[in-house]
Amino acid sequence: MFKPIVHVLLCLCVIYGNDCIGSEETDKQGLFAQFESRKQWFIEEGILHRGEAPNNINRLIQEDSPYLLRHALQPIDWLPWTDDILALAQKQKKLIYVSIGYDTCHWCHVLANESYINTDIAKVLNHHFINVKIDREILPEVDAKYRLALEKMTGNPGWPIQVILTPDGDILWIDSYLPQSSLLNLLNVISTKWLATPDKLSRKAKSLNDRLLSSQQLSVDMASLFNYHGRLVQDVKAILSQELTHDAPRFLRAEWLLQLLNEFEKTTNPEYVDIVKSQVDRFLMSATYDFIDGGMHRYSETGDWQTPHFEKMLYDQAQLIRVLVKLYSITGIKQYIDFAAQTVSFVDSKMSHDRYYVSSLSALSNDIEGGYYKIAITDVLPLSTEQQMLIHYLPDNQLFYLRSIDLPSPQLIDVLSQLRQKRFDFPMADKKGILSWNALYAVALAEMYSATLDKQIEQKWYQHIDQISELFYRNEQLYRIVYNGRTSVKAKLDDYALLIQALLLKYGVSGNTDDLTFAIKLSHQMNQELKHADLLALAMDDQLPSMVAMVINAYRQLYLATGDSAMAERMSQLTSKTVLSPVTVSQLSILSSIDKTGRSDQSPYFFGRGKGVVNFVLVDNKLILKINLIDGWHINSNKPLDKKLIPTRLRTIDGELVNADFPSAKMVSLSFSKEMLGVYDSDIRIAIDIRQLDDSNLPLKLTMQMCSDTLCLLPETLLLRLPRVF
């Protein structure tokens, strides 16, 4: 029988001295109404039993974040982060206690279950501190600031992050997880000292804050930045090698792997592919890749990848797909695209929710870390000799892993999947949708389509872009979060940048100018956000490229798609303002973005200042090179009839002409020539005879010259990597 409601302690209003913002009774009613509207969620999540009343409700009950909601019924007077927090602390002359985490973070939940439900800790925090709870996925710019400070302080930038700030916002203390007794003792000591000597602690905090958060901008010319980039690439190679034998947590480092593959495309040095292939093969043949359900766990606790930390993040799946697709495109090894397809299937089946993809899946199943993924030895069926050649069982952690990069048969995978489901529930999902991560997943689908021309992937990609554009954009405002049908939190720079990139990829393939118009509109809004951003704090890579690098890449794509020189100028200005001293691998993404004409070797390929675009299509099982031009512009045909004009030519990387069926030229008379000229305009299709091409899939070189009736642009040569469709 459930206990009756005896006492409901409501953390009702923000107190400024003796004044309360609004009526206390009104606040009571408002918070309780919010609780009533979400009561079923607390029951379904096991936070409350049916018929049970909460003893506490705080202002987190109003937030659209499952992570924050899990703290809404705690005895601590939690507040969400707002611009008014410092003013409130200064008014009350109190320290600020900030706790940063996210919903699928194991140690965040340990801290909450040990300390944030403890009444002794709650009394100290409520009496002496302004208490702020932050979902790092909702406020990445705040998280980035304190994560950098934590890394400088302890060398470990993981979560949870706990910070104590002075009313002026200076860091007095910062750390990660602490046991309950240690945290209580620390809070008592600091609060006592603050009451006795606030000025002394303020001076100490100012000094610490300057040391942890000061960043020095590097003053250097563009040529030197290219040299720094080369050095950082070598540093990345060394770190990846060292991590093989380290016991510290090991991440896939997908962004680094993509950068190394980009270096291969620039140099054709096979060493870069070999490094990535070695890293990815070891990863796929480990327990950190889930070959049963598909998709990857967030990281391994050991360098051999065999001790996974079981969270699954949407952005990790997107980045993994991008690496696998690029490896497949370069090497032609089919297994890589098989793993990419399995990961797409996993995201569709396990992370799809209400027309978007959820942010993450928890490491916990029935409160046991990794419980769902483990299969007891007593349940393991005798494996045939053939099966033993493909998979191996780790009795210590009760996990299967692959012996090679060949996926087992669907029948064996289905048997193992059923064994999983016998013991534990499927892990909890953080069901909020994050725009930037959904947009990154759209980019991954776009790149997968470019490499395969798979029509199902194309349809899935188009549908996803259209849905998130509709869901996250309301009343002329782009939002970061969708949860329970509601939008909240204005979009951050990564939301703008990644959605712009995804829209431009779709525009380049589909030709839908609505996508281009929307991308340009968003770029103007992104410009306004940049004016208020702390760019130096957003210039460091984490598991994803820095927000600054994402914005630079968005400007590059806009420049290539539109020819607008203002976009190139913004790229240069942003780069010059955000390279920090000393230059470290955490800035690799920015330094990789400094070439304003740098292109991917995957379609769509914009050229002619955005007046033309090149793609590959399949028509009647034939590979067609498709060139689309806007009205009023043309390119010279492969036989323009004037020796002074540059013909359209398709060559191998070694300069050999490729056998191709060019269309008949359109004969025109132009103002700058007395002779009739052969040109192509509008929709040009060139059938490629791929029989002469070897299996290396090195890029082809397409040379064209774009002209109007009155002028010609400089000739351009695009490097085109053929999709692997045969």
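Predicted model: local features only at pLDDT ≥ 70, side-chain atom pairs only at ≥ 80, totals over all residues.
Residues are numbered from 1 along each chain as its sequence is written, and side-chain values use heavy atoms, with hydrogens and water left out.

Let's start inside. A nonpolar core here is a set of buried Ala, Val, Leu, Ile, Met, Phe, Trp, Tyr and Cys residues joined through side-chain atoms within 4.5 Å. Buried means under 20% relative accessible area, exposed means over 50%, and partly exposed is what falls in between (1.4 Å probe, protein chains only). The largest nonpolar core has 225 residues, and the members that touch the most others are Ile164, Trp461, Val614 and Ile627. The element that gives the most to this core is helix α16 (residues 435-452), with 13 residues. Helices (H or I, at least four residues) and strands (E, at least two) are DSSP runs, numbered from the N terminus. Apart from this core lies another one, of 7 residues, including Ala287, Ala363, Tyr372 and Leu399.

What does tryptophan 461 touch, not counting residues up to four places away in sequence? Its partners are Ala442, Leu445, Ala446, Tyr449, Ala502, Leu505, Lys506 and Val509. Contact means heavy atoms within 4.5 Å.

Another tryptophan is worth a stop. Tryptophan 173 sits in strand β9 (residues 171-175) and counts as buried because its relative accessible area is 12%. Leaving out residues up to four places away in sequence, tryptophan 173 touches Gln162, Val163, Ile164, Leu178, Leu186, Ile190 and Leu208. Tryptophan 173 and valine 358 are 185 residues apart in sequence, and their C-alpha atoms are 33 Å apart in space.

Two packed helices are described by the angle between their axes and the distance between the axes. Helix α6 (residues 140-154) packs against helix α8 (residues 198-213) at an angle of about 95°, with the axes 8 Å apart. That makes α6 roughly perpendicular to α8. The axes are lines fitted to C-alpha atoms, for helices over the stretch in contact, and angles run from 0 to 180 degrees between N-to-C directions. Angles under 35 degrees count as roughly parallel, over 145 as roughly antiparallel, 65 to 115 as roughly perpendicular and the rest as oblique. On the α6 side the contact is made by Lys145, Ala149, Lys152 and Met153, and on the α8 side by Leu208, Arg211, Leu212 and Leu213.

Next come the covalent links. A disulfide, taken here as a pair of cysteine sulfur atoms within 2.5 Å, turns up 2 times by this rule. One joins cysteine 105 to cysteine 108, with an S to S distance of 2.4 Å. This link of cysteine 105 and cysteine 108 is right-handed, with 80° about the S-S bond, and both cysteine 105 and cysteine 108 are buried. Cysteine 707 and cysteine 712 form a disulfide with their sulfur atoms 2.1 Å apart. The torsion about the S-S bond of cysteine 707 and cysteine 712 is about 105°, so this disulfide is right-handed too. Cysteine 707 counts as buried at 0% relative accessibility, whereas cysteine 712 is partly exposed, with a relative accessible area of 32%.

Most residues other than glycine have a negative phi, and most peptide bonds are trans. Tryptophan 159 and proline 160, however, are joined by a cis peptide bond with omega about 5°. Proline 160 is placed in the loop between α6 and β8 (161-165). Glutamine 398 has a positive phi of about 60° although it is not a glycine; its place is the loop between β19 (391-394) and β20 (399-402). Asparagine 621 is not a glycine either, and its phi is positive at about 65°. The loop that holds asparagine 621 runs between β28 (612-619) and β29 (622-629). Is asparagine 621 buried or exposed? At 58% relative accessibility, asparagine 621 counts as exposed.

Lysine 490 is exposed, with a relative accessible area of 53%. Neighbours within four places in sequence aside, lysine 490 is in contact with Gln477, Leu478, Tyr479 and Arg480.
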